[in-house]
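Biologist: Please take me through the ring contacts in this model, with the cut-offs stated.

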Amino acid sequence: MALDIKRPNGTEDILPKDIYKWYTVEKIAREVAETYGFSEIRIPTFESTNLFQRSVGETTDVVQKEMYTVKAKESEFTLRPEGTAGTIRALLQNGLLNEALPQRVFYMLSCFRHERPQAGRLREFHQFGLEMAGSASPSADAEVISLAKSILDKLEIKNIELYINSIGCPVCRAKYHEALRNYFESRKDDLCDTCKDRLVKNPMRILDCKSEICQEIGKDAPIILDYLCDECSNHFETLKKYLTSMEIEYKVNPRIVRGLDYYTKTVFEFVTTEIGAQGTVCGGGRYDGLIEQLGGQKIPALGFAMGIERLLIVMDKQNCDYIQPKTCDVYFATMGDDALNQAMILSQQLRKDGIVAEFDVMGRGIKAQMKYANKIGALFTIVIGDNELENNIVKVKDMETGAETSICINDKFKNSFTDIYLDKVLNKMDEDDNSDLLFSFLGGEDNG
Ligand code: ATP
Ligand code: MG
């Protein structure tokens with residue numbers, strides 16, 4: 001029978017065979033963020049449409065073309081196209097900005113944008129992102145950039161470049177917009193319809209337009225760095241100094257303006273050329289006006305977001321290491337009801353120690369059970385039949401070597417099995433030098 005309902009265009013199923021890759025990114029991103037003093041925040045999937053119009057900006061692609069807006073009875077909501085607006089709304093609404101500053105929060109969430117689906121560009125995608133609120137100092141910019149860099153480094157992603165730029169503040173932006181209007185005026189008839197409107201309302205947005213014509217026309221446009229006021233210029237120079245002190249390599253790219261309106265001063269992107277056109281794996285910057293714009297006090301802030309799908313495309317391509325998925329440690333093959341019952345009792349004991357134990361729930365014969373154990377890559381099998389039940393002795397079979405060890409079914413069962421199990425795991429580790437496995441079994445933290 002053909003499946004006649006398929007997942008929507010631009011969405012993906014994340015299957016069990018790939019989930020450990022996600023765990024790797026999530027674990028490392030979380031751990032690195034925590035070492036910089038960030039805590040996790042979780043926000044709703046949908047917000048008032050207004051929130052995004054007011055923060056992301058009326059003239060951005062996201063608001064003009066990409067939002068999923070739903071009407072529910074009398075209210076209108078939008079599925080979050082990004083995480084910053086909702087996070088700042090949550091900080092404000094819960095009074096966190098009245099507490100000790102800076103506030104540092106990170107999030108992992110799905111975002112929704114109605115874009116043309118292609119490799120690395122989805123309609124539902126996932127971000128790891130964070131926001132720091134309270135500091136106007138370029139040291140905070142350096143801190144946030146270094147955090148992003150640490151995550152990429154820990155994931156062992158290579159060949160990735162950091163581009164930075166400053167897009168100034170409303171003071172310098174006014175002069176810059178004037179210069180852009182003059183520049184585009186002579187070719188305004190060639191701009192796309194959206195950009196004709198942007199020329200009036202927000203000319204800097206033209207530089208972020210995805211249309212080839214607009215990009216071509218914008219190639220020689222004036223650059224914002226020539227229009228920075230003293231404060232913004234000093235901020236940018238100090239940031240560069242800090243990045244150098246932190247030994248973080250960067251390139252100034254005056255063409256980066258970012259696709260969301262709330263940015264001020266520093267903007268940055270981590271870009272790789274290895275995965276085609278969708279090479280920006282992380283984008284961020286400062287947004288000193290946003291909190292006030294959303295009804296809060298004048299509190300400077302900044303942040304970034306990484307696209308997890310894009311990170312995984314790069315990691316796959318570069319053969320990066322992932323945390324190993326958990327697989328079956330021991331499979332009980334049983335004959336008869338009493339044996340099944342015994343397998344259940346023993347499995348429960350082992351699982352309390354984190355050992356992955358499985359037994360037959362399909363009513364299969366012993367041969368088929370062993371075949372299944374093989375298929376799922378069980379490390380050990382234990383057969384339980386009448387003999388074993390009678391003598392209270394089972395054989396633990398190492399599925400790799402075929403070696404068998406007899407152990408008693410009594411109150412020492414768990415200890416006896418664990419000894420055999422640990423022996424195997426430690427041996428394997430010597431072979432693979434895979435210390436993650438040991439650490440996770442021993443319940444410790446992998447710091448290395
Ligand atoms: P782009 O220029 O590629 O459209 P953007 O400027 O719209 O990116 P941001 O809003 O800054 O992206 O989002 C941060 C990160 O989220 C991006 O750097 C990218 O890694 C990821 N991202 C953005 N849009 C998508 C999408 N449609 N599908 C997958 N990942 C995305
Ligand atoms: Mg975009």
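Biologist: Is Phe 77 buried, partly exposed or exposed?
Modeller: The relative accessibility of Phe 77 is 24%. Buried means under 20% relative accessible area and exposed over 50%, with partly exposed in between (1.4 Å probe, protein chains only). Phe 77 therefore counts as partly exposed.

Biologist: What are the ground rules?
Modeller: This is a predicted model: local features need pLDDT of at least 70 and side-chain atom pairs pLDDT 80 or more, while totals for chains, interfaces and linings use all residues. Residues are numbered from 1 along each chain as written, chains are lettered from A and ligands numbered from 1 in written order, and side-chain values use heavy atoms, without hydrogens and water.

Biologist: How many aromatic pairs does a search of the whole structure find?
Modeller: Rings of Phe, Tyr and Trp (its six-membered ring) pair if their centres lie within 6.5 Å; planes under 30 degrees apart are stacked, over 60 edge-to-face, the rest tilted. The search over the whole structure gives a count of 14.

Biologist: What kind of aromatic pair do Phe 46 and Phe 77 form?
Modeller: Their centres are 5.0 Å apart. With 65° between the planes, the Phe 46 and Phe 77 pair is edge-to-face.

Biologist: How many residues apart are Phe 46 and Phe 77?
Modeller: Phe 46 is in strand 2 (residues 46-48) and Phe 77 in strand 4 (residues 75-79); strands are DSSP runs of E, at least two residues, numbered from the N terminus. The separation is 31 residues.

Biologist: Why is the pair of Tyr 176 and Tyr 227 classed as it is?
Modeller: The ring centres of Tyr 176 and Tyr 227 lie 5.5 Å apart. Their planes meet at 50°, so the pair is tilted.

Note on methods. Helices (H or I, at least four residues) and strands (E, at least two) are DSSP runs, numbered from the N terminus.
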